[in-house]
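Hello,

Here is the structure I promised to pass on to you. Have a look at it first, and my notes follow below.

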Amino acid sequence: MIINPVAQLNKKLTVPLAHAIKDIPWITPNRLTWLSLLFSVFTSLEIIYGKFQIAAVLNYIAALLDSLDGDLARIRGTGGPKGALLDAVLDRYADILVLAGFILN
């Protein structure tokens, strides 16, 4: 099994954060998924304008939010196939947006 150090760092950040926000009812895993996509849109725009350092930070925030949504769903016990599908589909849109940013740069 290959251990990804970035994934380990993400989990050290997102798991405690998920525990901290688990009782806030308006923060849902699906909303975090959509917010992650929004940060990918911002990432793409920054790439288009050549601001790669800002894009890198925004992309990392998007990745953290993408990890946080799953952690929050697991902690709340609300994970399911619909949320997993939404997450997987929006992840692909996020990938496309970032790649499109590079293409349009």
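To follow the notes on aromatic pairs, please keep in mind that rings of Phe, Tyr and Trp (its six-membered ring) pair if their centres lie within 6.5 Å; planes under 30 degrees apart count as stacked, over 60 as edge-to-face and the rest as tilted. This is a predicted model, in which local features need pLDDT of at least 70 and side-chain atom pairs count only at pLDDT 80 or more, while totals for chains, interfaces and linings use all residues. Residues are numbered from 1 along each chain as its sequence is written, and side-chain values use heavy atoms, leaving out hydrogens and water.

Searching the whole structure turns up two aromatic pairs. One of them joins F39 and F42 edge-to-face, at 6.1 Å centre to centre with 80° between the planes. Both residues sit in helix 2 (residues 29-48), three residues apart, about one turn of the helix; helices here are DSSP runs of H or I with at least four residues, numbered from the N terminus. F39 is buried at 19% relative accessible area, and F42 is partly exposed at 37% (buried means under 20%, exposed over 50%, partly exposed in between, with a 1.4 Å probe and protein chains only).

The F52 and F102 rings have centres 6.3 Å apart and planes at 5°, so this pair is stacked. F52 belongs to helix 3 (residues 52-76) and F102 to helix 4 (residues 81-104), so the pair ties together parts 50 residues apart in sequence.

Finally, T43 is also in helix 2 and is buried, at 1% relative accessibility. Leaving aside neighbours within four places in sequence, T43 is in contact (heavy atoms within 4.5 Å) with A55, L58, N59 and V98.

Best wishes

Technical notes. Helix = DSSP H or I, 4+ residues; strand = E, 2+ residues; numbered from the N terminus.
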